[in-house]
Amino acid sequence: MLAPRFVARQLFVGVRRWNHTPAIPALSPVTEQDVAHFAKFLAPTSIFSTLGPNPIPISELSPYNNDWMGKYHGKATTVVKPKTTEEVSKIVKHCCERRIGIVPQGGNTGLVGGSVPIGNELILNLGSMSKVRSFDPVSGILVADAGCILQSLTDYVAPHNHIMPLDLGAKGSCQIGGNVATNAGGLRLLRYGSLHGSVLGLEVVLPDGTILDQLTTLRKDNTGYDLKQLFIGAEGTLGVITGVSLLTPPSPQASNNVILALPSFDNVLPLYKTVKQQLSEILSAFEFIDRTAYDLAVKHGQGRGLHDDEIEGAECFVLVETSGGRREHDEQKLNDLLENLLTSDEPLINTGVLSQNPAQFSSLWALREGVTEAVSKEGKAYKYDISVPLSTFKDVVDLTREHLKSKGLLHEKGVKHVIGYGHVGDGNLHLNVVADAYTLEIQNALEPFIYELVASHKGSVSAEHGIGAMKTHALHYSKSGVSIEWMKKLKQLFDPHGIMNPGKVLEMP
Amino acid sequence: MRPSSACLLNILVPVKRAVDYAVKIRVNPQQTGIDLNVKHSMNPFDEIAVEEAVRLRERLKEKVKSIKVVTIGPAKSAETLRTALAMGADSAIHIEIPDSAPSPEPLGVAKALRAVIDRQSEDVDLVILGKQAIDDDSGQTGQMLAGLMGWAQATFASKLEIDTEKKVANVTREIDGGLEVLRCKLPLIVTTDLRLNEPRYASLPNIMKAKKKPIEKLSAEDLGVDLRPRLETLKVTEPPKRVGGGKVDTVDELVAKLAEAGITGVKA
């Protein structure tokens, strides 16, 4: 009874991905001899394979072969977890000679299928390289292995009164190497900028196994082309990042947050202007969640909701965070802002909640950060991470919903919700279409509709999530032919055999 | 004591500004206490007490005549009172002590509260306190106050029901064996336990309104109370650091290590 449905679902998945993913260059699969070769320099606990002298059942490779959303499924037979950069270099060198495809993998929390194989490529997981190499408490410069989990780095620098320059919902699982490879954005970008600015140096293993050591701790170094910028955001297609040198900002002495309930989406933009003006340098986050996203987060217990009476008539919510050097100064600015908002002739907000203690501070953030998890509990999510003008946020969500309705897909067994939330401050909207199951019909209704909608606003089809396997065919909606041509030339230069994360980012012939 | 106007409740909620529960505390260099240069907020059990008073008003409506909060502390404690006012209290009393003064002890606090109750023009019917403060964990103030006033007390409350007609309360208490229900006559002292309620967020309009609510300032002298500590703390230290375990490679090694630790086998 169950089997035919399962098989049918697998077929859909296969067909859908085949439609999208380009032909992978002729690469060799991993064989027993390769596993034996790895065993010569890797500890037995660093090799997980269904081949060779210590085979394990394929089901144990499942967490490496499948992505976090359950949308992308790889068929790797072998996972290696090297402990040093030299080991990574030897692995890559061997794969280069043997023409074996490699998927560099960190925390496997990516949302575009970039961290799992498309076929049976070798998975090179960086999770065992998780040491902090050095930290200078005066300059705040941190040097760490690529496999360090973001949350552990946050905990490492905290006693020295520093914080990581980025923060995202996946912080408990994502690794810094992956963050850099995908140029992760997150909740703090508004205040601390992107990784292109905070990364000072990288140690990368190039596709032929050569180690490129540019792991500098210099704040300023204008000596030649800045090669590291190529690897930041390259999603593992130009090399394997093994070490990161990062500038960490000092931790704020005082943090506050407030959730505001808005009667209409039209108030978001003027609210943002007012908030920016009155809070100025202490503003550290400005996040938006629409009513449905808020309801889902509360429904799935992500955080304590506001009182029902208070949020009646609220069309959307905004979470504002402040971080500054002096508590009294920040609170005064915040209180003045809130009083202005509430007592103005035409109030932009209905009401809101100001956190009174650290527990409430975390609880309010949980409402925003928990939306992603709530969505995955509610159903199967199609995620579109787009940059469009602020004024069009609501229209984009509404138009998508209307479009699905016109195709008869908006119902309990089809698309359950269309929601929008995201980093208003950065012009970045996370459009989520929550369906009962991933189906070809829904997919075809969404793409290229959404990409065309984004292109019509001259927006980005991927603000921060990257291209991965999901959007290789959609690159042209946001980048010109000339750009894409030169990207391919660079890829060809670094990786002539096409072994690094094949099938991701670019559609290579 | 004059009986209060029939069926209308005056509720007093003492609150304490304590080190926030999320803070990682450290012993101060003098080993006389913990480093107090950290985030403070309202004692969580006191938040529950304020919340319960506000919920009583929501249930009993105009039968709750007034909710007054009181705190003993330095100038900064006024913020704690504002939070309570934002949650729904009507007015507050701040018994201000100098920043450098040591934290008052439960007996001192109980005597001060008795003085506050005696000063009120209208009788207090119900005093709701947190069962303990999370910085000293004394858990004595409510009980001592009941003793001083000669009032009924129901501690560790997880449910509170009041019959204003009969001036009686049914209080469910959390005890080791489970739950116990007490019927108490008013006036009554109640101390709150964790499961009594979940405190509300203070909404912005209420926070704004709270700024206009009155806070009466008093000193220990005004109340005729001596708040000097009677106990002297000799030393405060951290618990000994946990020593890590070790891994052994063979069973023989394990047996040898156990023998070293003085654990020998039982002869069969």
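In chain A, the mean positions of the 46 positive and 53 negative charges lie 6 Å apart. Lys and Arg are counted as positive, Asp and Glu as negative, with His and the chain ends not counted; each charge is placed at NZ of Lys, CZ of Arg, CG of Asp or CD of Glu.

This is a predicted model, in which local features need pLDDT of at least 70 and side-chain atom pairs count only at pLDDT 80 or more, while totals for chains, interfaces and linings use all residues. Residues are numbered from 1 along each chain as its sequence is written, chains are lettered from A and ligands numbered from 1 in the order in which they are written, and side-chain values use heavy atoms, leaving out hydrogens and water.

Chain A holds 18 helices and 16 strands, taken as DSSP runs numbered from the N terminus (helices: H or I, at least four residues; strands: E, at least two). Of its 509 residues, 55% count as buried, that is, under 20% relative accessible area with a 1.4 Å probe, protein chains only.

Let me turn to one helix. In α11 of chain A, residues 291-299, the buried residues are A:A293, A:Y294, A:L296 and A:A297. They fall within an arc of 165 degrees seen down the axis of α11(A), so they line one face of the helix; the arc is that of the directions from the helix axis to the C-beta atoms. Their cover includes β12 (316-324) and α13 (358-369) of chain A, where contact means heavy atoms within 4.5 Å. Just after α11(A), A:G301 adopts a positive phi of about 60 degrees.

Conventions
Buried means under 20% relative accessible area, exposed over 50%, partly exposed in between (1.4 Å probe, protein chains only).
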